[in-house]
Amino acid sequence: MGSLTTSPAWRALAAHAREQEGVHLRDAFARDPGRFEQMSCEAAGLFLDYSKNRIDGRGVGLLMDLARDRGVAAARDAMFSGHRINNTEGRAVFHVALRNRSDRPMAVDGDDVMPRVRGVLARMGRFAEAVREGAWLGHSGEAITDVVNIGIGGSDLGPAMVCQALAAAGHPRLTMHFVSNVDGDHLAGVLQRVRPETTLFVIASKTFTTIETMTNAASARAWFLGRFGNESAIARHFVAVSTHAERVAAFGIDPANMFEFWDWVGGRYSLWSAVGLPIALSIGQAGFEALLDGAYALDRHFVDAPLERNLPVILGLLGVWNRNFLGAASLCVAPYAQALARLPAYLQQLEMESTGKSVARDGGAVSVGSCPVIWGEPGTNGQHAFFQLLHQGTDLIPVDFIVARHSPSGLADHHRLLLANCLAQSKALMVGKSAEEVRAELGACGVEGVAREALVPHRVFPGNRPSNTLVLEDLSPRSIGALIALYEHKVFVQSVIWGVNAFDQWGVELGKEIATGLAAELGGGPPGDHDASTRGLIERLRPEPS
């Protein structure tokens, strides 16, 4: 495969971008009454309107040419076939097998993984239902009321986001807590709100060596034993999600209470595995399997649908268009659903840890800008915080609006207003407001002459700001599963275009290595070889001698 930027497909897109520079979205809609119908698509219970992007039908066709030129379909098929596409770690990328809801085998190196996947899923279900039904009792004979998940990164963000998104369907007796930050305030704040007699700790770490997770786990263990003093009590209050039975046993957790997953499950793609145990505890096994159903439906769409009608392909390619041809260095995610408040944070890891790379799969330099900065907050809160920047700021920032047709709140007036605000913001970003329109408005209010002209530039909105609108049917497990899978595959499509490995994260490791040595020094250990800034900060932060 040749260079990305010298390929005919890329050059054609660059030329098309220059041709489109003077075209405003208002004019594009005025010229083409069928634009919405032509530039919308649905699958797996999700509806995508991408007509408010600064691109026309010909441009979309050129993006599809780019996808074919870069081998998106072949790369997708390699992932679904269990090939070791994570080339820097020599691993398959097979999280899709975790939500395979068919009888079809899925193999890595000729080994069908599905019997093991189904076995762990069944164990999760039995355990979750025992806790939910009150059959699993704590050491003192009381039912569990609080679940504390201790993990970080993919072992925290995914389960935490989904549990919050589906809280309306959560078990009424169980309160879910998530501890990830090694800052002691995070764990201490949770421990103040729970009783050891009725608390279940889920320790989630693939290797059982992650420093933040194991530090928090050790402190939770000490807190628990401070109440019971009997290590045998740990078996009723601590379970593990890991791949390392020996370390789990050394911690004091019965390996019978360890839920396994595999090295072909990447951390940020792991909520579908045993890492999703808190989700099953919250919404039940049937709910967890409905989450898998939604993801599987989107998986089948990704595999089976033609590129031109393929939601992840469209969303991914539009992101490439906005990033590389329109110069958008960030993407705002605005879920108009309070239940999805943690979605932007989840997508930050999914996207920026996957495609935030400057090195290509072949070891060379990435020739174009890769992942934009992902950020956002729920609407309508964001409208009163950062939407000023979106409307009148100096940077072009595309927005993904996400909204559900139906709300679990039962407050119809609230939901109608929420929907109205979502549609209003996407329209306002697109159409803007011209100087002539501002003058007319001010004149209608009696503002004329010099006073009017002084106000005009402040009240002009340029518009022409691109956005997508994703409509979920509801905030059910199935819809949430499809939504997450959509973004996973969107990221995969972009990684293929940019030529990066979406499934490693070497940039995370350097800071971890340095931190291990610095922790010893801050505790009074011998000084290391540091730059003047780091050395001075160590001296400033080292505890004073007692």
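On a 1 Å grid over the protein atoms alone, a cavity is a set of points where a 1.4 Å probe fits but cannot get out, and its lining residues have an atom within 4 Å of a point. Volume here is the space filled by probe spheres set on the points, with grid points joined across faces, edges and corners.

The model you are looking at is predicted, with local features needing pLDDT of at least 70 and side-chain atom pairs counted only at pLDDT 80 or more, while totals for chains, interfaces and linings use all residues. Residues are numbered from 1 along each chain as its sequence is written, and side-chain values use heavy atoms, leaving out hydrogens and water.

Searching the whole structure turns up three cavities of 30 Å³ or more. Here are two of them:

| Cavity | Volume |
|---|---|
| Largest | about 140 Å³ |

Let's start with the largest cavity. Its lining has 18 residues, and G319, N322, L331, P398 and K490 lie nearest the centre. At least two lining residues come from each of α13 (311–325), β10 (330–336), β12 (399–404) and α19 (477–498); α13 gives the most, with five. (Helices are DSSP runs of H or I, at least four residues, and strands of E, at least two, numbered from the N terminus.)

Now for the second largest cavity. Residues lining it include L98, W262, W272 and F288. Both α7 (114–132) and α12 (277–304) supply at least two lining residues, and α7 gives the most, with four.

How values were computed. On a 1 Å grid over the protein atoms alone, a cavity is a set of points where a 1.4 Å probe fits but cannot get out, and a pocket is an open set with protein on both sides within 12 Å along at least five of seven lines; lining residues have an atom within 4 Å of a point.
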